[in-house]
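This briefing concerns the structure shown below. It takes up individual loop residues, the sheets, the nonpolar cores and the confidence of the model in turn.

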Amino acid sequence: MKKSILIITLFVFHSLTGLRAQEVASLEYNTDNGVYNSIVQVDSDTYVLAYSGAGYDGYIKTFTISSDGATITPVASLEHDTDNGVQSSIVQVDSDTYVLAYSGPGLDGYIKTFTVSSDGTTITPVASLEHDTDNGTSNSIVQVDSDTYVLAYTGTDQDGYIKTFTIPTDGSSITPVASQEHDTDNGTYNSIVQVDSDTYILAYAGSGTTADGYIKTFTISSDGTTITEVEELEHDTQDGNHNSIVQVDSDTYVLAYAGSDADGYIKTFTVASDGSLPVELTLFTAVPQKGAVKLSWVTESEIDNLGFLIDRSLDPISGFTTIADYRFVPELQGQGSVTYRTDYSYTDTEVIPGTKYYYVLSDVTGNPEHGEPVTRHTDKMVSATPKWRAESSALIKEFKTFMAYPNPFNPKTVIAYELEDAQELSISIVDVNGRQVTKLYNGFQASGFHELSWHPQDISAGIYFCRLTSGGNNITRKIVLLK
């Protein structure tokens with residue numbers, strides 16, 4: 001097997017424009033082998049590393065690293081397993097106690113505890129447990145509370161397992177509590193993090209001919225006695241290996257992994273405190289057309305998705321207005337809860353050609369039938385500039401644009417239109433039955449761009465139509481009044 005030489009390298013990152021990262025110090029502290037690394041901080045300048053060293057034996061080493069990263073100094077070393085010590089995952093119990101999950105002799109699953117002094121000079125084994133006598137690879141362990149720990153690992157037949165243990169703060173004992181086989185086909189390359197006090201998110205390579213990428217959430221009781229799977233998302237149908245997931249903020253997580261052709265990928269996800277996974281958006285584009293902008297987006301999965309809102313603005317910083325709402329536009333309605341890909345599109349025709357527009361897509365999730373609140377998740381922004389409209393109709397050629405904004409609206413909307421030639425015209429609002437509600441304009445108007453405001457009073461919410469009439473020809477635009 002090819003030898004790996006383990007090197008620690010420190011970088012400093014600058015916030016100024018120009019140099020982004022600069023190497024500060026480097027230490028080649030093992031010239032024989034150094035794989036399956038897991039490192040944690042002991043105190044302000046001391047670190048403990050679990051890794052597989054010479055002969056793939058299990059090692060623990062400590063280092064002091066100055067706060068400016070200028071020096072990396074080895075302190076102590078312990079060969080804790082002389083047979084095998086791969087796929088390590090180490091966490092801190094308290095100020096001087098640590099828990100290590102790793103694959104030991106025969107690739108069986110082991111948990112060990114150690115005490116490490118605050119200066120890193122002493123590393124003392126405390127307790128050991130062989131928790132799986134068949135297989136215990138791809139370990140990822142996290143702390144539940146002061147004495148409870150959850151381990152995600154690959155067990156029998158490469159299946160995915162979650163186990164809990166109680167370990168006192170002095171590390172003197174390791175007691176299995178509960179176990180769940182969450183994937184009966186495959187469960188490798190595990191990385192688990194805590195969402196809140198009882199919810200956890202796991203990234204792993206699951207079922208599929210190519211070990212597809214999965215995200216799963218679980219609720220685990222504070223004493224570790226219950227493990228309940230909440231949601232599952234297959235985020236990559238090609239590959240999902242070598243996962244590392246971390247928390248960004250209260251509901252956002254970033255995942256680095258090896259995808260198709262072992263290429264490197266980074267994805268972000270939002271996860272609610274109860275473990276539910278909302279919409280995973282993988283594409284959002286705006287393509288200018290003749291007198292319109294076509295918006296397209298793709299979701300890989302949806303959880304309780306009611307639908308989408310499209311906001312538009314001339315200013316990318318502020319001033320966005322909703323121009324399309326899933327409650328009134330069927331093509332914006334969501335799929336509910338699905339794990340397959342869905343393609344969406346919407347064409348914004350109420351635009352002024354030559355003007356640059358910015359669009360923001362949001363999804364609305366929830367279950368209003370059960371009285372649950374509806375949550376709006378804002379996704380990324382795109383922009384486009386529509387081209388000049390090319391139509392065959394003689395009348396349409398005279399109107400470069402005809403739109404209402406905002407739409408839907410409350411309490412006021414603006415009717416905008418542009419005339420190529422001066423002409424007699426009439427602009428009125430009619431209801432769904434064709435009855436006139438009000439007349440906004442009737443008479444001769446010069447060429448150029450014009451705007452009219454409609455601020456309806458004592459009119460019920462619903463769908464209305466703005467009708468422009470000239471020379472016996474009509475153009476109609478649907479508008480929606482909200483209350």
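Ser66 counts as partly exposed because its relative accessible area is 22%, where buried means under 20%, exposed over 50% and partly exposed in between, with a 1.4 Å probe and protein chains only. The model is predicted: local features need a pLDDT of at least 70, side-chain atom pairs count only at pLDDT 80 or more, and totals for chains, interfaces and linings use all residues. Residues are numbered from 1 along each chain as its sequence is written, and side-chain values use heavy atoms, with hydrogens and water left out.

**Overall composition**

- The protein has 483 residues, of which 49% count as buried.
- Its accessible surface is about 21,800 Å², and 48% of this belongs to carbon and sulfur atoms; the areas come from the Shrake-Rupley method with a 1.4 Å probe, and for residues only the protein chains shown count as cover.
- Among contacts (heavy atoms within 4.5 Å) with a separation of 6 or more, 49% join residues 24 or more positions apart.

**Confidence**

- The mean pLDDT, the predictor's confidence in each residue from 0 to 100, is 84, and 87% of the residues reach 70 or more.
- Residues 13-19 have pLDDT below 50, and this stretch has six contacts in the model beyond near neighbours in sequence.
- Residues 389-398 also stay under 50 in pLDDT, with 21 contacts beyond four places in sequence.

**Loop residues**

- Ser66 is located in the loop between strand E5 (58-65) and strand E6 (72-81).
- The C-alpha atoms of Ser66 and Ser44 are separated by 8.5 Å, the two residues being 22 apart along the chain.
- Pro406 occupies the loop that connects strand E29 (399-405) and strand E30 (413-419).
- Pro406 is partly exposed because its relative accessibility is 23%.
- Pro406 and Ile323 are 83 residues apart in sequence, yet their C-alpha atoms are 5.9 Å apart in space.
- Leaving aside neighbours within four places in sequence, Pro406 is in contact with Thr321, Thr322, Lys412 and Thr413.

**Sheet E7-E8-E9-E10**

- Four strands form an open antiparallel sheet in the order E7-E8-E9-E10; two strands pair if DSSP finds at least two bridges between them.
- Strand E7 (86-92) and strand E10 (123-132) are the edge strands, each pairing on one side only.
- Neighbouring strands of this sheet are turned by 20° against each other on average, direction ignored; the axes are lines fitted to C-alpha atoms, for helices over the stretch in contact, and angles run from 0 to 180 degrees between N-to-C directions.
- Strand E9 (residues 109-116) runs antiparallel to E10 and is joined to it by eight bridges.
- Ile111 has Leu129 of E10 as its bridge partner, and Lys112 has Ser128 of E10.
- E9 and E10 form a hairpin with six residues between them, and Gly120 in the turn has a positive phi of about 80°.

**Sheet E15-E16-E17-E18**

- This open sheet has four strands in the order E15-E16-E17-E18, with antiparallel pairing.
- Its edges are strand E15 (188-194) and strand E18 (227-236), each of which pairs on one side only.
- On average, neighbouring strands here are turned by 20° against each other, direction ignored.
- Five bridges link E15 and strand E16 (residues 199-205) in the antiparallel sense, and Ser191 has Ala203 in E16 as its bridge partner.

**Nonpolar cores**

- A nonpolar core is a set of buried Ala, Val, Leu, Ile, Met, Phe, Trp, Tyr and Cys residues joined through side-chain atoms within 4.5 Å.
- The largest core has 25 residues, and those with the most contacts inside it are Leu295, Trp297, Ile310, Leu332, Tyr346 and Tyr359.
- At least two residues of this core come from each of several strands, including strand E22 (280-289), strand E26 (342-348) and strand E28 (375-384); E23 gives the most, with six residues.
- Leu295 touches Phe284, Thr285, Ala286, Ile310, Tyr344, Ser345, Tyr346, Tyr359 and Val382, not counting residues up to four places away in sequence.
- Another core of 18 residues lies apart from it, and among its members are Leu419, Trp454, Leu468 and Ile479.
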